[in-house]
Amino acid sequence: MNSLAARLDALRGSSPAAPHTARTLAALTTNPGCDRRALMDAAGVDKDALAAHLNLPRPLRPSTIALDHGAAFERRVTAQAGAELVQLLRKTLNLTLPEVSYEDLNAVGGREPSSLPLRHARTRSLILSAAHDRAPARTLLNHPVLRLTVAGHPAYLEPDIVAFQNHGTFHIVEVKSFPVIDGQADPTKVAAALTQAAAYVLALRELLADDGLPPERVSNGVVLVNPRNFSHRPTATLIDAVQQIKSLSRHLGRLRRLPDLLDQLPPGTTFDLAPDSEANPTRPREELATALSAARAHYIPGCLRHCDLAYYCRDEARNQGRTEALGTTVRDDVAGIEDIAMALALADGHQHPSRDRADITHALRHAQRVHADFLAGTT
Ligand code: SF4
């Protein structure tokens with residue numbers, strides 16, 4: 001074990017590492033400035049268990065009904081050896097008839113986490129066989145398992161479909177249950193789906209690069225398959241995910257500076273929950289709070305949708321009077337001023353601005369005058 005891995009293990013403590021998923025990787029891009037999250041994710045800390053131990057409310061998760069609906073739609077799309085999907089992809093990716101050989105990797109080694117290396121090995125062999133043009137090429141792989149190196153550790157990821165065209169390009173295909181109505185889907189959901197797909201694109205590129213193949217053979221174009229209008233009939237859309245791929249790639253690169261982040265922690269800092277023989281955490285909550293405060297957080301309101309510690313960090317930001325607790329717009333508008341008290345002091349003239357804060361002070365004072373006029377009824 002290298003020293004970085006040993007330091008991350010010590011930070012996590014005695015619990016097993018929580019694996020990365022495409023969803024957790026996508027969350028990296030929503031708050032790239034947060035050292036606390038970067039450290040916890042790299043160490044595989046189970047943030048949900050930690051939040052439960054601290055009695056924190058958790059961000060809303062998709063309901064069981066929504067999950068069941070999504071699973072049913074995916075089953076429908078991939079039923080009968082992907083008959084419906086094959087038709088859609090033939091149209092969307094211009095696949096010719098000989099290019100629609102279909103392989104379901106769900107069956108390889110079972111669905112237990114322990115089968116992931118086996119399913120990855122099978123996926124790797126099929127993908128390399130297609131990439132090297134060895135017959136018979138499997139051109140649609142259902143639930144393959146890819147592997148992405150995250151902060152030096154392998155993370156197993158499971159895209160819905162990998163599609164391969166005989167002229168040499170791989171595409172990630174994601175089946176999502178949110179609808180496309182009159183050709184339009186919810187842009188927030190599309191962006192989230194593309195960010196998840198970006199993790200699969202990077203993992204597939206890593207697989208090809210490890211075998212000396214050009215990673216560019218994996219397309220930036222991701223195919224989203226969604227219900228059409230208000231029906232259960234699927235529709236497929238090819239969307240360019242280059243921005244999401246670049247963004248995720250940048251954030252993964254940032255995880256490489258983990259040794260610096262670890263160096264900034266006081267010696268002995270650990271998020272260990274000290275579980276007893278029945279896996280119940282026994283770590284005193286004050287000790288955990290001290291450990292959390294040692295890792296710099298960067299709270300933004302978006303944390304409420306993406307991170308189990310959101311309510312903890314929001315309270316912390318509010319208690320410390322940080323501008324970020326007021327929302328991203330306010331934080332960006334007063335960029336460079338981190339304290340609400342300082343912003344107020346500049347606005348009401350109790351604090352004289354330094355030269356680099358002259359413009360923002362001018363804007364704050366103007367806003368304060370408008371607000372005062374509004375209250376006085378003179379606007
Ligand atoms: S909730 Fe806290 S730990 Fe999670 S990303 Fe936001 S600031 Fe970071």
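This report covers the cavities, the ligand shell and an aromatic pair of a predicted model.

## Basis

The model is predicted, so local features need pLDDT of at least 70 and side-chain atom pairs count only at pLDDT 80 or more, while totals for chains, interfaces and linings use all residues. Residues are numbered from 1 along each chain as its sequence is written, and side-chain values use heavy atoms, with hydrogens and water left out.

## Cavities

The whole structure contains 3 cavities of 30 Å³ or more. A cavity is a set of points, on a 1 Å grid over the protein atoms alone, where a 1.4 Å probe fits but cannot get out; lining residues have an atom within 4 Å of a point. Points are joined across faces, edges and corners, and a volume is the space filled by probe spheres set on them.

The largest cavity holds about 120 Å³ of space. Its lining has 16 residues, and Asn31, Cys34, Arg37, Cys303 and Cys307 lie nearest the centre. Two or more lining residues come from each of α3, α11 (303–306) and α12; helices are DSSP runs (H or I, at least four residues) numbered from the N terminus. By class the lining has 9 nonpolar, 5 polar and 2 charged residues, where Ala, Val, Leu, Ile, Met, Phe, Trp, Tyr, Cys and Pro count as nonpolar, Asp, Glu, Lys and Arg as charged, and the others, Gly among them, as polar.

The second largest cavity has about 60 Å³ of space. Its lining includes Asn31, Cys34 and Arg37, along with His251 and Arg254. The elements giving two or more residues to this lining are α2 (22–28), α3 and α8 (242–254). The lining of the second largest cavity divides into 6 nonpolar, 2 polar and 2 charged residues.

## Ligand shell

The ligand sits in the largest cavity, meaning that more than half of its atoms lie within 2 Å of the grid points. Residues around the ligand (a heavy atom within 4 Å) include Arg36, Arg37, His298, Tyr299, Cys303 and Cys313. Helices α3 (35–43) and α12 (310–319) each supply at least two residues of this shell. The shell comprises 8 nonpolar, 2 polar and 2 charged residues.

## Aromatic pair

Rings of Phe, Tyr and Trp (its six-membered ring) pair if their centres lie within 6.5 Å; planes under 30 degrees apart are stacked, over 60 edge-to-face, and the rest tilted. This rule gives 1 aromatic pair. The ring centres of Phe164 and Phe170 are 4.4 Å apart and their planes stand at 35°, so the pair is tilted.

Phe164 is buried at 2% relative accessible area, and Phe170 is buried at 1%. Buried means under 20% relative accessible area, exposed over 50%, and partly exposed in between (1.4 Å probe, protein chains only).

Definitions and conventions. On a 1 Å grid over the protein atoms alone, a cavity is a set of points where a 1.4 Å probe fits but cannot get out, and a pocket is an open set with protein on both sides within 12 Å along at least five of seven lines; lining residues have an atom within 4 Å of a point.
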